[in-house]
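The sequence and the structure are shown first, and the description comes after them.

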Amino acid sequence: MVRKIEGPARIPVPGGKLIDEHVGRVNSGDEAVSIAHMTAPPGWEEPPQTPSFAEYTLVLRGTVIVEHDGGRTEVAAGQSVVTEPGERIRYSAGPEGAEYVAVCLPAFSPDSAGRD
């Protein structure tokens, strides 16, 4: 069945980051996958987390920084990063901020993020 989604649901988060969920638990009721457009201001950071989902991130503008057990990975515009479930990670944005698309399998939920 084809389902057209008219637009995203804005999910409020602290720190000035904008999350516009196109597909997922909040906007479309999908639990298998979430697709969100994110915009983070310069210097934005979030607490460490150990999610129970895989996250596929495509950076459109700026830099997303991922701190993980293996070190620190900077992901620039045009690059992507994959994080696996069960790995402790921490996301932040570089000095110019970041715009990116995140795909989570299964869909993101606050409970499955495993935030510290």
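The model is predicted; local features need pLDDT of at least 70, side-chain atom pairs count only at pLDDT 80 or more, and totals for chains, interfaces and linings use all residues. Residues are numbered from 1 along each chain as its sequence is written, and side-chain values use heavy atoms, with hydrogens and water left out.

**Strands and their pairing**

Helices (H or I, at least four residues) and strands (E, at least two) are DSSP runs, numbered from the N terminus. Two strands are said to pair if DSSP finds at least two bridges between them. Strand 1 (residues 9-12) pairs with strand 2 (residues 18-23) in the antiparallel sense over four bridges, and Ala-9 stands opposite Glu-21 in strand 2. These two strands form a hairpin with five residues between them, and Gly-15 in the turn has a positive phi of about 90°. Most residues other than glycine have a negative phi.

Strand 2 also runs antiparallel to strand 3, to which five bridges join it. Here Ile-19 has Met-38 in strand 3 as its bridge partner. A further hairpin, with two residues between its strands, is formed by strand 4 and strand 5. Their pairing is antiparallel over six bridges, and His-68 is the bridge partner of Gly-71 in strand 5.

From the UniProt record comes the feature "domain: Cupin type-2" (unreviewed entry), placed at residues 37-103. UniProt positions are given in the numbering used here, feature names are shortened, and annotations may be inferred rather than shown by experiment. In the model, the span of residues 37-103 is 0% helix and 66% strand, and its end C-alpha atoms lie 9 Å apart.

**The nonpolar core**

A nonpolar core is a set of buried Ala, Val, Leu, Ile, Met, Phe, Trp, Tyr and Cys residues joined through side-chain atoms within 4.5 Å. The largest such core has 17 residues, and those with the most contacts inside it are Met-38, Trp-44, Val-64, Val-66, Tyr-91 and Tyr-100. Strand 3 (34-40), strand 4 (54-68) and strand 7 (89-105) each supply at least two residues of this core. The largest share, six residues, comes from strand 7. In soluble globular proteins, nonpolar side chains tend to be buried together.

Contact means heavy atoms within 4.5 Å. Not counting residues up to four places away in sequence, Trp-44 touches Pro-14, Gly-15, Lys-17, Tyr-91, Ser-92, Ala-93 and Tyr-100.

**Burial of selected residues**

The table lists relative accessible areas, where buried means under 20%, exposed over 50% and partly exposed in between (1.4 Å probe, protein chains only).

| Residue | Relative accessible area | Class |
|---|---|---|
| Phe-53 | 1% | buried |
| Val-75 | 2% | buried |
| Ile-65 | 6% | buried |
| Thr-63 | 13% | buried |
| Phe-108 | 25% | partly exposed |

Thr-63 is placed in strand 4. Its side chain makes a polar contact (a pair of N or O atoms within 3.5 Å; within protein, one must be able to donate a hydrogen and the other to accept it, and residues adjacent in sequence count only if both atoms are side-chain atoms). The partner of Thr-63 is the side chain of Glu-96, at 2.7 Å. Beyond its neighbours within four places in sequence, Thr-63 is in contact with residues including Glu-74, Val-75, Ala-93 and Glu-96.

Val-75 lies in strand 5 (residues 71-76). Leaving out residues up to four places away in sequence, Val-75 touches Val-59, Gly-62, Thr-63, Val-64, Ser-80 and Val-81.

Ile-65 is likewise found in strand 4. With residues up to four places away in sequence not counted, Ile-65 touches several residues, among them Arg-72, Glu-74, Tyr-91 and Ala-93.

**The aromatic pair and the cis bond**

The structure holds one aromatic pair. Rings of Phe, Tyr and Trp (its six-membered ring) pair if their centres lie within 6.5 Å; planes under 30 degrees apart count as stacked, over 60 as edge-to-face and the rest as tilted. The ring centres of Phe-53 and Phe-108 are 5.8 Å apart and their planes stand at 70°, so the pair is edge-to-face. The two residues are 55 residues apart, with Phe-53 in the loop between strand 3 and strand 4 and Phe-108 in the loop between strand 7 and helix 1 (110-113).

The loop between strand 7 and helix 1 also holds Pro-106. A cis peptide bond with omega of about -10° joins Leu-105 and Pro-106. Most peptide bonds are trans.
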